[in-house]
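This note is meant for a colleague who is opening the model for the first time.

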Amino acid sequence: MSDPTQNAAWQALETLAEGAADRRIDGLFFAEPERASRYSLEAAGITLDYSKQLIDDETRRALLELAAAQKVVEKRADMLAGRVINSSEQRPAWHVALRRPDDAPLYEEVHEVRHAMAEFARAVRNGEWRGFADDAITDVVNIGIGGSDLGPRMICQALARRDGPQPHFVANVDPADLDDTLARLNPATTLVIVTSKSFGTAETLANARVARQWLIDAGAGEHDIARHFVAVSTNREAVTEFGIERMFEFWDWVGGRYSLWSAVGLSIALALGDDAFEQLLAGAYAMDQHFETAALGENLPVMLALAGIWNNNFLGLTSHCVVPYAQRLAALPSFLQQLEMESNGKSVRREGAPVTVDTVPTIWGSVGTNAQHAYFQMLHQGDLAVDMDFILPLSDAAAAGDPREIERVANCIAQAEALMTGRDRSALESELKEQGLSSDALEHRLAARSFEGNRPSNMLVLNTLDAHSLGALIAAYEHKVFVQGVIWDINSFDQWGVELGKTMAGQLVGELSGEGKAGAHDGSTQALLTRVRRGWQA
Ligand code: F6P
């Protein structure tokens, strides 16, 4: 039975959710002093504390029964073994093969490409690989979008190290992105990586053409392009046609949003060194092993997924906010938006029947502590109920004495606590009464200042923000997404919804450039085209 709602466990969870409506998370701590440890897990250097979820033992049992009934164990085995699980494209989704160590390969070519990347990265980093004017490479520009951008961008930002060429990421077809980036760079010392799984993405190719012209304009000959341009793709023919000789290959079974572990991570190896890239893979592999072997109830990605299912499908929290308390993880929420929403934003089940439950929630967020001074007011007192993931990397002992570090950590933990406890009316009342307020003023202040809390959150603590723990964290989220997709019975590995917009943009490019025929459009689209032409003529 793959329709999740037909499981007895789903129905049991619905009943439990009705009972949960007037329960409090902090009440669960009073009932069970050991709760924090019984609702925490450790894997690959990461601690997940999900004790601030409105989940008790009965709920957890029912969630685990739901996972078992939806065959998470069997489907996990299929995914790990590289069987075809992306049914609409008839492919495996085998990103786990990308992070296997050399002595335990699943797919030999992965290791061949990885070695070629390592060698290339070493040559660029030590100055053997030189540009058209015989200079060493100082800057690397990755041109790519979506999965060909967000992962490496986020990792390079998170692990900022200053011992290799400076990485730059250009995704947007808005000329400001590439033009502003190139304006800061010297063509003679810049290497461009054109990263595109399909090598057919319009934005990426448009930017790549401009970057090539920039090099030619700076004095590079056509034969010099090979020293400044490499490609990462699955489409050798299109790469050759574009005029790039050196291609680092990956394979159609690597989904774009799961591809940072492949040659798509070339910018990471170049900027941070191959050792950092290897550590990233090792961290992901450690999480893969945990995911493969740990019992469902002890399994960090599985519990992350189940807490999300409980909140989303049973408590009606269809908004999920991720707040890393780490400046260097500023790009993580955007990465997770693609990972979760492009994977699980689906309304049909694997075999085509409509999904009858909510699938992925809206994923959003930004770094703490900044977020506290923007939208946390809404999280505490607004009427849109949201569940949260707090991500807290610890720093080493030396940095831990820095008062700013103490502030950072204290704020993260305090916000999770405040969201759960809220501000109790009676405690506030005694505080305010001491101020001798009139009863009207007292009532007014009580109404404005008290709030119920009971907002659930996960806390993910990393030993430190290094390549290993980051690899493990990202792999945990990937597996969370997989488990949720299995429970919802959807294919997490296709993205047909984005295709229509791409086709329509192609048609409009033809119309706006005057090279294509006018299409039949709705009134609004037609009026907008007229408005744009008027603007361009002005
Ligand atoms: O946004 C749609 C999408 O197909 C993503 O899945 C993918 O990561 C991105 O476009 C880029 O695609 P490509 O790597 O083929 O250029």
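1. Terms and basis. On a 1 Å grid over the protein atoms alone, a pocket is an open set of points with protein on both sides within 12 Å along at least five of seven lines, whereas a cavity is a set of points where a 1.4 Å probe fits but cannot get out; lining residues have an atom within 4 Å of a point. The model is predicted, so local features need pLDDT of at least 70 and side-chain atom pairs count only at pLDDT 80 or more, while totals for chains, interfaces and linings use all residues. Residues are numbered from 1 along each chain as its sequence is written, and side-chain values use heavy atoms, with hydrogens and water left out.

2. The largest pocket. Its volume is about 1,100 Å³, a volume being the space filled by probe spheres set on grid points that are joined across faces, edges and corners. The lining comprises 40 residues, and Ile145, Ser198, Thr201, Glu499 and Lys502 lie nearest the centre of the pocket.

3. At least two lining residues of the largest pocket come from each of α9 (202–217), α15 (332–344) and α22 (499–513); helices are DSSP runs (H or I, at least four residues) numbered from the N terminus. The greatest contribution is that of α22, with seven residues. By class the lining of the largest pocket has 14 nonpolar, 17 polar and nine charged residues, where Ala, Val, Leu, Ile, Met, Phe, Trp, Tyr, Cys and Pro count as nonpolar, Asp, Glu, Lys and Arg as charged, and the others, Gly among them, as polar.

4. The ligand. The ligand sits in the largest pocket, in the sense that more than half of its atoms lie within 2 Å of the pocket's grid points. There are 14 residues around the ligand, of which Gly147, Ser148, Ser196, Ser198 and Thr201 come nearest; a residue counts here if one of its heavy atoms lies within 4 Å. This shell holds two nonpolar, nine polar and three charged residues.

5. Polar side-chain atoms of Ser148 and Ser196 each lie 2.6 Å from an oxygen atom of the ligand. For Glu342, the distance from a polar side-chain atom to a ligand oxygen atom is 2.7 Å. The protein buries 87% of the 390 Å² that the ligand exposes when taken alone, by the Shrake-Rupley method with a 1.4 Å probe.

6. The second largest pocket. Ala158, Arg328, Thr464, Leu465 and Asp466 are the closest to its centre among the 25 residues that line it. Both α13 (274–293) and α18 (403–421) supply at least two lining residues of this pocket, and α13 gives the most, with three.

7. The cavities. How many cavities of 30 Å³ or more does a search of the whole structure find? The search finds three. The largest cavity has a volume of about 60 Å³, and its lining includes Gly308, His320, Glu340, Asp387 and Trp488. Helices α14 (300–314) and α21 (467–488) each supply at least two residues of that lining.

8. The second largest cavity. About 50 Å³ of space lies in it. Among the residues lining this cavity are Val110, Met117, Trp251, Trp261 and Phe277. Helix α6 (residues 108–125) contributes the most, with four residues. The lining of the second largest cavity divides into eight nonpolar residues, one polar and one charged.

Terms used. Polar contact = N/O pair within 3.5 Å; in protein donor to acceptor, adjacent residues only side chain to side chain.
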